[in-house]
Amino acid sequence: MAKRIFITFFSLILIGVVLTFVLSYNFTKDNYLENTKESLLKTAYMVEEIYNNIDISEDGRLQALLEEIKPKINTRVTIIADSGNVLADSETYGAGLENHLDRPEIISAFNGEIGYSTRFSDTIGVDMMYVAIETIKDGKETVIRTSLPLEHIQELNIQLFEKVRISLLISFLIAMILGYYSINRILTPIKKLNLATKIMAEGDFNSRVKIDDSTEIGDLAYNFNILGEKMETMLDELKENENKLQSTLEGILNGVVAIDSSKKIMFMNNRAEEILDCSYEDFKDKHIFELMRNSFLESEIDNLFKDGVFNRVEIEINSPINRIINVYSNGIKNEGEIIGAVVVLDDVTEFRRLENMRKDFVANVSHELKTPLTSIKGFIETLKSGASEDKKTRDRFIDIIDIESTRLSTLIGDLLVLSDIEKHNISNETIDIYLVVNEIKVILNQFAKHKNIQISYFLDDDLPLIEGNVGWLKQMLINLIDNAVKYSPEDTNVILRVIEYDGNVNFHIKDQGIGIPEEDIPRVFERFYRVDKARSKSVGGTGLGLAIVKHVAIAFKGKIKVESSPGEGSEFIISIPVR
């Protein structure tokens, strides 16, 4: 830019100097020619006066006259007769000159005008200016012509050229100095503004320009600084609003996905990533149906963009993870036109699972209660109808009623225990694991003798104390070992091993029983779930034993897992943290 300004500046000065030279030259030349013409005319009139006042009858008198006055007037004088012949010439002898009747100035003079002409003279070999006037002497028309060579014009041209060359050099130096100063004065604030705009373009709106200038550039810098301040304020407000919106969206318990008019994902909060088990960066600018493949949802979103109507839908997706989701949506509008949509996701997978468990639980409880009650009622009605008179039959029926009553009482007891555990009404008792194991040995060893099963107990030395409800811990161990004995064949072993590892007390209960199929392992802790329903009925139990075990482990903030294979036995591992 500086180069362009300098070239323009210098070009203007050069054009000015050249124009000045041309105008000065033309003015000087014209002025010189005009002055020469006036001088020649005056000389012609002077010669005319002398010519008319002398006697020219004597031969050679006229030629002598012209030679006499030549040094005084320093001008060539020629006298031409009306025939065009030269009568006398101050520069040469007239008789030797050619006829001048065809000369332009001579023609004009004989026509009663003042004749002017500028041309090359063949006689003396230079450019000449001629002025001719007519005079009448003794009744004869004669032309007196004066002339001067124009060689002074050439000298003038040389002088002007030299002066213009010096003027150009001086002008060039002045232009360089003034141009450098002017360009720097103009470009320095422009460079500052340019640098500030680059910094602002990179996102730093703190950039300011300090220019002490009262011209338009100073006004521009002032307006630029005001613009920067306003943009910085607006950016801060936008960032604050964005952060508020981001915090609000991240704080929402529901997943939020924003899509544009092409149904491409523009935003997704953390909860949506959790629900859909995906990363926003992986699905940014991708179609929403690449994320949630469901034809019913696709139809509802199409209706939203078409009619502005969206009904709440519950969908089940299997990819990238199996979920049941309630989907709500609303259009993003701009001047009445839907330009996008906000899709809200409510993960109801656990709710539906619990709801199904509740339904199954109610059905199972009803079934489990109905069976003994029906049996008891049937036998009572049989006794009322006369069977009570037969003592043997009456005693057998009463024994069955007693068994069913006990079963019913045990079921209700287990339900109450389970309900109490689920309420987390855990007491902070200090539990000595050695004492607990010794207390349950008496109960379990007696039960295991009926099947000739050996229960082995292995406890690490110096096991730490744990805190919790000692009754629940006993219930958990009894239920696990009781199941191990029930589902193990005779003459086998059941092992209880208690060890401390990585800040936890781990209880390992291992048997050599029938084992559990892999597909049934995730469900063995559900209420009333039985792997082998026929065998479970034969060995007794309420179907709530392992459910109680699971909730006791949770109450102790522990974890439980199962390792089992059909025909190879099972191992239950409960890890309870040391407090």
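A search of the whole structure, a predicted model, turns up one aromatic pair.

Now step back to the whole protein. The protein has 579 residues, and 37% of them count as buried. Its secondary structure consists of 15 helices and 17 strands. Take the contacts with a separation of 6 or more: 57% of them join residues 24 or more positions apart. The accessible surface comes to about 34100 Å². Carbon and sulfur atoms make up 53% of that surface.

S17 is part of an open sheet of five strands. Their order is S12-S14-S15-S17-S16, and the pairing is mixed. Strand S12 (454–459) and strand S16 (559–565) are the edges, each pairing on one side only. On average, neighbouring strands of this sheet are turned by 15° against each other, direction ignored. Strands of a sheet pair through backbone hydrogen bonds, either parallel or antiparallel.

S12 and S14 run parallel and share six bridges. Here Phe458 stands opposite Arg497 of S14. Next, S14 pairs with S15 in the antiparallel sense, over seven bridges. S14 and S15 form a hairpin with two residues between them. In that turn, Asp502 has a positive phi of about 55°. S15 then pairs with S17, antiparallel, over seven bridges. Phe507 has Ile574 in S17 as its bridge partner.

Which helix packs on this sheet? Helix H12 (residues 433–449) does, touching S12, strand S14 (493–501) and S15. The direction of H12 makes about 170° with that of S12. Glu439 lies in H12. Is Glu439 buried or partly exposed? Glu439 is partly exposed, because its relative accessible area is 41%, and burial requires under 20%. The C-alpha atoms of Glu439 and Lys474 are 8.5 Å apart, although 35 residues separate them along the chain.

Helix H15 (residues 545–555) gives another view of burial. Eight of its 11 residues are buried, so H15 is largely enclosed by the rest of the structure. Among those buried residues are Leu546, Ile548, Val549 and Val552. The buried set also includes His551. Just after H15 comes Lys557, with a positive phi of about 55°.

Other strands pair elsewhere in the chain. Strand S6 (residues 255–260) and strand S10 (residues 337–347) are antiparallel and share six bridges. Val256 stands opposite Val344 of S10. S10 also pairs with strand S9 (residues 323–334), again antiparallel, over 10 bridges. Gly331 has Ala341 in S10 as its bridge partner. S9 and S10 form a hairpin with two residues between them. Glu335, in the turn, has a positive phi of about 55°.

Some lysines sit over aromatic rings. The charged end of Lys137 sits over the ring of Tyr51, 5.6 Å from the ring centre. The charged end of Lys263 sits over the ring of Phe305, at 5.1 Å from its centre.

One last stop is His100. His100 lies in the loop between strand S2 (86–89) and helix H3 (104–110). Why does His100 count as buried? Its relative accessibility is 3%, and anything under 20% counts as buried. What does His100 touch, leaving out residues up to four places away in sequence? Its contacts are Ile80, Gly84, Val86, Ile106 and Arg145.

Notes
Residues are numbered from 1 along each chain as its sequence is written. This is a predicted model: local features need pLDDT of at least 70, side-chain atom pairs count only at pLDDT 80 or more; totals for chains, interfaces and linings use all residues. Side-chain values use heavy atoms; hydrogens and water are left out. Helices (H or I, at least four residues) and strands (E, at least two) are DSSP runs, numbered from the N terminus. Buried means under 20% relative accessible area, exposed over 50%, partly exposed in between (1.4 Å probe, protein chains only). Contact means heavy atoms within 4.5 Å. Accessible areas come from the Shrake-Rupley method with a 1.4 Å probe; for residues, only the protein chains shown count as cover. Rings of Phe, Tyr and Trp (its six-membered ring) pair if their centres lie within 6.5 Å; planes under 30 degrees apart count as stacked, over 60 as edge-to-face and the rest as tilted. A charge sits over a ring if NZ of Lys or CZ of Arg is within 6 Å of the ring centre and within 35 degrees of the ring normal. Two strands pair if DSSP finds at least two bridges between them. Axes are lines fitted to C-alpha atoms, for helices over the stretch in contact, and angles run from 0 to 180 degrees between N-to-C directions.
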